[in-house]
Amino acid sequence: MLKEIELPDLPNIVDEALQLPDPARLSKPFSTHKPRILLLYGSLRSRSYSRFLAQEAARLLEHFGVETQIFDPAGLPLPDGAPTDHPKVQELRELSLWSEGQVWCSPERHGAMSGVMKSQIDWIPLAVGSVRPTQGRTLAVMQVSGGSQSFNAVNQMRILGRWMRMITIPNQSSVAKAYQEFDEAGRMKPSSYYDRVVDVMEELVKFTLLTRDVSGYLTDRYSERKEDAEKLEARVKLKAI
C-alpha cells in the first residue's frame, strides 16, 4: 500500500490570485458564427507553392464552414523598417485580431522558414496595450520544400507559435518536391500529401471550435492575476495615505 504523502503548505502563493481549475468554465455554449481563420504564406514569387498550399487549405476550410482571409505579404516592410501605422502592418495586425485560428505556411529555405514568413510573424506583437493579438488562437503549421521532405520550417513555426501563446494543433503538413505536387493552375494534385492537408485543416477546425469560446479562461494565468492583485493593493495603500 502506498504511503500517503502530506504535501507542504504554499507560503509563496498569493491566495486571492490562486484559483482552482473549474470544469464548468470550460463548458460555455458554442458560438454560432463561422470560425475565423487567417492564413499566412511565406513567398513573394509569382508561382509560389506556399501560396498555392495556403489557397488549397483555404478551400478546404471553407468547405468545413470556416470564414477565411489570406494575407498578401507583398509590400509588408521589414520589421522595424517602418512605423507600426504602415497600412500593411495595420492590415496584418487587424486580421490577426479578427482571427480565431491561423495557418502558417512557409517554404523551407536554407533549412529554415523564409524571411517573408518570419517578417509577418515578427510584425504581430505579443501584446498591444492589454490586447494579445495571438494568445489563445489555434494554429496549424505547414511547409513546402524543393527537395526531399523536411520538417525544419514547421518545427521553427511551432516554437514561434508557442512563443506567441497560441494553441498549435498536433498535426502538420510538409510537402516535399512541391513543384511536382501542383498543376499549372496552382491546384494541388491528389496524393498522400494532399490527404495530410485535409487532415490538418479538419483538425484545426475541430480545435478551433473546441477552444475559441473558452480561450480567455484557458489563457488566464496565476502570475497575471497576482500582478493585478499587487497593483490593486498598491493603489489602495496610496488612497489610504
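Trainee: Let's start with S119. Which element is S119 in?

Mentor: S119 belongs to helix α3. Keep in mind that we're looking at a predicted model.

Trainee: Why does S119 count as buried?

Mentor: The relative accessibility of S119 is 12%, and buried means under 20%. The value falls under the cut-off, so S119 counts as buried.

Trainee: And what is S119 in contact with?

Mentor: Setting aside neighbours within four places in sequence, S119 is in contact with L76, L78 and P79. A contact needs heavy atoms within 4.5 Å.

Trainee: On to T134, then. Where does T134 lie, and why is T134 called buried?

Mentor: T134 is in the loop between α3 and β5 (138-144). Its relative accessible area is 0%, so with a cut-off of under 20%, T134 is buried.

Trainee: Which residues are in contact with T134?

Mentor: Leaving out neighbours within four places in sequence, T134 is in contact with S96, Q102, I124, M164, R165 and M166. There's a spatial pairing to look at too: T134 and S99 are 35 residues apart in sequence, with their C-alpha atoms 8.5 Å apart in space.

Trainee: R165 turned up in that list. Why is R165 called partly exposed?

Mentor: R165 has a relative accessible area of 30%. Buried is under 20% and exposed is over 50%, so 30% puts R165 in between, as partly exposed.

Trainee: What is the phi of R165, and where does R165 lie?

Mentor: Phi is positive, at about 60 degrees, although R165 is not a glycine. Most residues other than glycine have a negative phi. As for its place, R165 is in the loop between α4 (152-163) and β6 (167-168).

Trainee: What about K177: what is its phi, and where is its place?

Mentor: K177 isn't glycine either, and its phi is positive, near 45 degrees. You'll find K177 in the loop between β7 (173-175) and α5 (192-211). With a relative accessible area of 37%, K177 lies between the 20% and 50% cut-offs, so K177 is partly exposed.

Trainee: Now α2. How do you know that its length agrees with its number of residues?

Mentor: Helix α2 covers residues 87-98, which is 12 residues. At 1.5 Å a residue, the span should be 16 Å. The end C-alpha atoms are 16 Å apart, so the two agree.

Trainee: Which residues of α2 are buried, and how do you know that they line one face?

Mentor: The buried ones are K88, V89, L92, R93, L95 and S96. Looking down the axis of α2, these buried residues fall within an arc of 160 degrees, so they line one face of the helix. An α-helix has 3.6 residues a turn, so residues three or four places apart point the same way. On the other side of α2, P87 and E94 are exposed.

Trainee: What covers the buried residues of α2?

Mentor: The cover includes β1 (36-41), β2 (67-71), β3 (101-109) and α3 (115-123).

Trainee: Let's zoom out. How many helices and strands are there, and in what pattern?

Mentor: The protein has 7 helices and 7 strands. Along the sequence they go β-α-β-α-β-β-α-β-α-β-β-α-α-α. Of the 241 residues, 43% count as buried. Among contacts between residues at least 6 apart in sequence, 77% join residues at least 24 apart.

How values were computed: Residues are numbered from 1 along each chain as its sequence is written. This is a predicted model: local features need pLDDT of at least 70, side-chain atom pairs count only at pLDDT 80 or more; totals for chains, interfaces and linings use all residues. Side-chain values use heavy atoms; hydrogens and water are left out. Helices (H or I, at least four residues) and strands (E, at least two) are DSSP runs, numbered from the N terminus. Buried means under 20% relative accessible area, exposed over 50%, partly exposed in between (1.4 Å probe, protein chains only). The expected span of a helix is 1.5 Å times one less than its number of residues. The arc is that of the directions from the helix axis to the C-beta atoms.
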